[in-house]
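Please keep the model open while reading, and start with the question that comes just below it.

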Amino acid sequence: MSEETTNGAVAPAEAAAGNTGTAFTVEKIYAKDVSFEVPGGPAVFNEQAQPQLQMNLSQSVQRLGENAYEVVLGITLTCNAAEKPMYLVEVKQAGVFGLSGFEPAQLDVMLGTHCPNMLYPYARQLISSLVQSGGFPPFFLQPINFDALYAEGLRQRAAKQASELSDAETGGNA
């Protein structure tokens with residue numbers, strides 16, 4: 001009998017035999033949507049003011065099948081100088097992930113933290129390349145703690161639910 005090396009991954013036969021309860025796979029990573037604009041070009045290249053950057057993050061999850069999910073990490077980066085737009089970058093980095101055997105709470109954590117952590121380096125590289133190709137100095141996005149963002153989102157959802165519950169209780173006594 002021959003042994004098969006899987007670089008630390010669970011062999012398919014082991015997974016099928018039920019030796020592990022969960023499975024996570026990366027099926028595909030791709031750029032779903034990309035936009036780069038220089039609205040005031042070429043005049044913006046003569047601008048002497050200090051640039052101001054604003055970044056917005058978004059994330060969406062779509063179930064594709066029983067164990068397949070598409071996660072889209074959206075990043076919008078706006079650079080202004082003297083209140084004039086220098087450039088605008090919008091990237092939607094996506095991935096198709098296979099997740100099976102996770103409890104609903106674990107699945108939510110995986111989709112909300114682990115998947116965006118895998119997508120972020122690709123989006124970061126794409127944005128850096130677009131900014132530099134657009135004639136601007138290189139820009140490197142700083143690391144993002146998706147675990148902390150997820151925890152904050154949970155806290156906000158819990159606060160909203162508590163607020164709605166207290167509003168419903170006082171509203172019925174009128």
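Which residue in β4 is the bridge partner of Glu70?

1. The bridge partner of Glu70 in β4 is Val96; please bear in mind, here and throughout, that this is a predicted model. Strand β3, which covers residues 68–81, and strand β4, which covers residues 84–100, run antiparallel and are joined by 14 bridges.

2. These strands belong to an open sheet of four strands, in which the order is β1-β4-β3-β2 and the pairing is antiparallel. At the edges lie β1 (23–37) and β2 (52–63), each of which pairs on one side only. On average, and with direction ignored, neighbouring strands of this sheet are turned by 15° against each other.

3. Helix α2, made up of residues 104–133, packs on the sheet and touches β1, β2, β3 and β4, while its direction makes about 140° with that of β4. From its first C-alpha to its last, α2 reaches 42 Å with its 30 residues, which is close to the 44 Å expected at 1.5 Å a residue.

4. Among contacts with a separation of 6 or more, 69% are between residues 24 or more positions apart.

5. As for the surface, 27% of the 174 residues count as buried, and the accessible surface comes to about 11300 Å², of which 51% belongs to carbon and sulfur atoms.

Technical notes. Residues are numbered from 1 along each chain as its sequence is written. This is a predicted model: local features need pLDDT of at least 70, side-chain atom pairs count only at pLDDT 80 or more; totals for chains, interfaces and linings use all residues. Side-chain values use heavy atoms; hydrogens and water are left out. Two strands pair if DSSP finds at least two bridges between them. Helices (H or I, at least four residues) and strands (E, at least two) are DSSP runs, numbered from the N terminus. Axes are lines fitted to C-alpha atoms, for helices over the stretch in contact, and angles run from 0 to 180 degrees between N-to-C directions. Contact means heavy atoms within 4.5 Å. The expected span of a helix is 1.5 Å times one less than its number of residues. Buried means under 20% relative accessible area, exposed over 50%, partly exposed in between (1.4 Å probe, protein chains only). Accessible areas come from the Shrake-Rupley method with a 1.4 Å probe; for residues, only the protein chains shown count as cover.
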